[in-house]
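Subject: Structure handover

Hello,

Here is the structure I said I would pass on. My notes on it follow below.

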Amino acid sequence: MTALPDTLCYLDGEFLPLNQAKVSVMDRGFLFGDGAYESIPVYGRRMFRFDDHMARFERSLGKLEIEADLDREAWLSRLRKVIAAFPAADQLVYLQVTRGVAPRSHLMPLGLRPTVFVTTSERLFPTPAQRVQGLACITARDFRWQRGDIKSTSLLGNVLARKISADQDADETILLHDDVPGGPWLTEGASSNVWVVHEGALLGPAPGDHVLAGVRIELLRELCEETGTAFNLRPVSEADVRSADEVLLSSASKEIIAVTRIDGEQVGHGALRGRPGPVYARLHEAYQRAIRSQSI
Ligand SMILES: Cc1ncc(COP(=O)(O)O)c(C=O)c1O
């Protein structure tokens, strides 16, 4: 077993060392993955886009009909306490609420006390080498469930999807859905949103049943406006991905990052083939500015 660090976490009203935190084996998070979560990036102990993450957390819990206390000020102070106690200043803080503890039944019990958990870890990515070289990705059929709009702790589909690229020493799995005519269509990565660049425009699929409403979708819309880059949420086909000038990923941990190899083929055209492109460079710069001005 990997030893857990003794960093401070929060569990059900108490702050305690992570390696001492315990929940019941009858917690529905353990039995069913019956819960929702968020990962918020932290820069110099300040959270980036806290309100957007909390708004999505509320939406996920609402869709699961889990009634948790979502008072923003209470969450802010609880998260800040965990962040302050952690040794590294750059972190990914993790928030999870599950339905709570009850005798096992598929039927959702009413009126449970949700289990509330917060922990944090060091934010180590993207590395400088990944910034320069871009990431390698592998494509796979999107075999996950049809509630990708909920940021649920039921992540087995995503975990299995990520293994496909990990087995080939690649950084992320890009998922393609083939149930709709005209496809396969791009959905998202195992733990990221995926973007393509055609003729200077940033294109990505709209959030929905197969695409999580990533906090960076609206952020990128803003950064595109700021940098004069066309931005469009519309269906993206497999052919659009394979013929793109640039492919990018976005997530709380990856920020925005270039994909330079897909299924062993270099992305892009001409002199920029296999290298991060100009739209990436522009958006990365704008992203770093946004971190500085919007973290709390
Ligand atoms: C399945 C999936 N899609 C998209 C994202 C990107 O969302 P965000 O930008 O809010 O991190 C994530 C983030 O972890 C994810 O797990």
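The lining of the largest pocket takes at least three residues from each of domain 1 (8-122) and domain 2 (128-294). A pocket here is found on a 1 Å grid over the protein atoms alone, as an open set of points where a 1.4 Å probe fits, with protein on both sides within 12 Å along at least five of seven lines; lining residues have an atom within 4 Å of a point. The domain bounds come from an automatic or database domain assignment.

Before the rest, some notes on reading the model. This is a predicted model, in which local features need pLDDT of at least 70 and side-chain atom pairs count only at pLDDT 80 or more, while totals for chains, interfaces and linings use all residues. Residues are numbered from 1 along each chain as its sequence is written, and side-chain values use heavy atoms, with hydrogens and water left out.

The pocket

The volume of the largest pocket is about 830 Å³, counted as the space filled by probe spheres set on the grid points, which are joined across faces, edges and corners. Its lining has 37 residues, and Tyr37, Lys151, Ala190, Ser191 and Ser192 are the ones nearest the pocket centre. Elements that give two or more residues to this lining include strand S3 (35-43), helix H2 (50-63) and helix H5 (156-166). Helices (H or I, at least four residues) and strands (E, at least two) are DSSP runs, numbered from the N terminus. H5 gives the most to the lining, with 3 residues.

By class, the lining has 13 nonpolar, 15 polar and 9 charged residues. Ala, Val, Leu, Ile, Met, Phe, Trp, Tyr, Cys and Pro count as nonpolar, Asp, Glu, Lys and Arg as charged, and the others, Gly among them, as polar.

The two domains

The C-alpha centres of domain 1 and domain 2 are 26 Å apart. In contact with each other are 24 residues of domain 1 and 24 residues of domain 2, where contact means heavy atoms within 4.5 Å.

Asp51 sits in helix H2. Asp51 counts as partly exposed because its relative accessible area is 44% (buried is under 20%, exposed over 50%, partly exposed in between, with a 1.4 Å probe and protein chains only).

The cores

A nonpolar core is a set of buried Ala, Val, Leu, Ile, Met, Phe, Trp, Tyr and Cys residues joined through side-chain atoms within 4.5 Å. The largest one has 24 residues, and Met47, Phe57, Trp75, Leu79 and Val93 have the most contacts inside it. Helix H3 (72-85) is among the elements that each supply at least two residues of this core, and H3 has the largest share, 5 residues. A second, separate core has 21 residues, including Val197, Ala258, Leu283 and Ile291.

Phe125 and Pro126 are joined by a cis peptide bond, with omega about -10°, and Pro126 is in the loop between S6 and helix H4 (128-133). The bond from Gly183 to Pro184 is also cis, with omega near 0°; Pro184 is in the loop between strand S8 (172-177) and S9.

Glu65, in the loop between H2 and H3, has a positive phi near 55° and counts as exposed at 62% relative accessibility. Asp263 is not a glycine but has a positive phi of about 50°, and is partly exposed at 31% relative accessibility.

Regards
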